Amino acid sequence: MRATLLAVALGCAFASAASLAHAQDAATTQTAAATAAGEPEWRHASALTGDPGYPADFDHFNYVNPDAPKTGTVRLSDPSGFDSFNPVLRRGNPAPGLGLIYDALMAPAYDEIPISAQYGMIADKLRFPDDFSWVEYHINPDAKWHDGTPITPEDVVWSLEVTKEADPTRAFYYKEVTGARQVDDQTVRFEFAGPGNRELPHILGDLQVLPKHWWTSTAPGGKQRDILSGTLEPPLGSGAYKITAFEPNRFVEYTRVPDYWAENLPSQKGTNNFDKIRYDTYRDQTVALEAFKADQYDFRAENSASNWALRYDFPARKRGDVILETFPDEGRGVMQAFVVNLRLPKFQDERVRRALNLLYDFESQKETVYYGQYERISSFFNGTELASEGLPEGRELEILESVRDLVPERVFSEPYTNPVGGSPQQVRENMREAVKLFQEAGYEIRNGKMVNTATGEPFRIEMIENSPAAERSVLPYQQSLSRIGVDLSLRIIDTSQYINRIRNRDFEMTTLAWGQSLSPGNEQLDYWGSASADQPQSQNYAGIKDPGIDKLIDIVIRAKDRDELIAATKALDRVLLAHNYMVPQFTTNTFRTARWNRFGHPDDIPPYTHGFPTIWWWDAQKASKIGEPS
């Protein structure tokens, strides 16, 4: 499933005790009837593997404070600005936090393997057959839009259709969903292309539901609304918040809905605790840090090692007004890398790509640039049980044997390892090996430049980045490449231009990252599948096209249990690494956070996310002490 991240807002609300009892009686009757007819039973939740961790009668998730106060404002920062409130359109920059105004069919639990178990939100139950060939969702009769209109199966069907029409990436993601229809006044059914894809019910559970009646009507002034166009009209939602103030590319403010229909649902208790959530735009990250230190916003996820090491020594922190805290990052793997565009002939030779890795001296940069805070990435699922290691064995070996004619032979005999630098001797050895590989690929050094032996064309690389901070990583790499005559030029461009060039595949090399959930599945097609390589808006940025990888992705998607999923993912990881598609960079296994000390959080933060601000709350007592002498 998409790792890109867990929903900002959970959702859903209790009925009265009498209506709840009535609903439970009705559900029992329907389940008995379905069982008698040989139909699948209705479920309160679903899990990709095993059983959901919470029973049907659970009151709230274990990691929340169900009695958290509902008050206060939290201010957040946004790095890119926005020009649209359209939640599905890929063009333009959507406003940060748009997920706050919408609910999905189901909600994840943060303390189970991310997105591996889902519980009721807009849908209060679901059912699917043992072969996963279809799924039905029953709409909670209490679910409503902010204007009081009930949420209907028609809204759900329309939402899927327009999402696929507006966004090619999500159309690709939902490609195995071949049909959606209303079964009755409260039930929607999705048909799948074939059996065996156990993730598809969950994919539909994540579906963000949109109000058809609002988007297909006219706006004040008589203009027809259009889901396929950008808009700055605050849209109608169903979630815990609504947009109440904004200025494009400056700020957007969300206010909690006082009569939110889902507030007391078990999956929503203890969440959405702030009266207001505001995002302010800071396009320059140096300015953004100074704004945080000046108390212009409240919470900061720090992704710069140098900032973390050097730039938080200021009076508010010494007084205890600002808290620096790390949280374990156990909910995802990550591949961050220097990524080359495989569509260009000069990067299609695997020996050239391996040479580029040999010239990246991470170990020398670790202490001088990264303050010892990072480790080298050695897997596309780095830091998780899904990462390959050693030589394949057991079920993983069986899977690789089934595609032996489609994958590099060395995956059976050579564990993948990154080159190791750090010492002058090791750096020289890596350079010699890199030169040898370039020569084998048809290059030689002439007058200090690496050139194509046949054409005399110099081997040059244009690196594009969208932040001056990239210089810390790129300039040492540039110097290393220059030692064997490879010219790398670094070009810093603005964010919108950068996004467009990546989408249009108009780049030679850049830094990109893929977050991975602990339950990988259909999104792997978008990341590495051949069919996505030529789709401009896919996340197959590198342009990977390989039949062995395609086959392994299919095995991942159709894994029958957790053990097979792990084995298939390790096999996929091993083959991706063996092709040397990119130069892995570095990561850390913690979230580094800085916050002004005016918030409370549960004692048991879930292991897969810090949950800010969804499960945190305003602490008036702490807030009153800001600025007091320590």
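Here's a quick look at salt bridges in this predicted model.

Some bookkeeping: residues count from 1 along each chain as its sequence is written, and side-chain values rest on heavy atoms, with hydrogens and water left out. Since the model is predicted, local features need pLDDT of at least 70 and side-chain atom pairs count only at pLDDT 80 or more, while totals for chains, interfaces and linings use all residues.

Side chains of opposite charge can pair when their charged atoms come close.

| Pair | N to O distance |
|---|---|
| R562 and E385 | 2.8 Å |
| R446 and E444 | 2.5 Å |
| K449 and D487 | 3.0 Å |

Take R562 and E385, joined by a salt bridge. R562 sits in helix α17 (residues 562–578) and E385 in the loop between β15 (375–376) and α11 (394–402), so the bridge ties together parts 177 residues apart in sequence. Helices (H or I, at least four residues) and strands (E, at least two) are DSSP runs numbered from the N terminus. R562 is buried at 13% relative accessibility, whereas E385 is partly exposed at 44%. Buried means under 20% relative accessible area, exposed over 50%, and partly exposed in between (1.4 Å probe, protein chains only).

K449 and D487 also pair up. K449 is partly exposed at 35%, and D487 is partly exposed at 25%.

Finally, there's a salt-bridge network linking R75, D295, D298 and R598.

Notes:
Salt bridge = Lys/Arg side-chain N within 4 Å of Asp/Glu carboxyl O.
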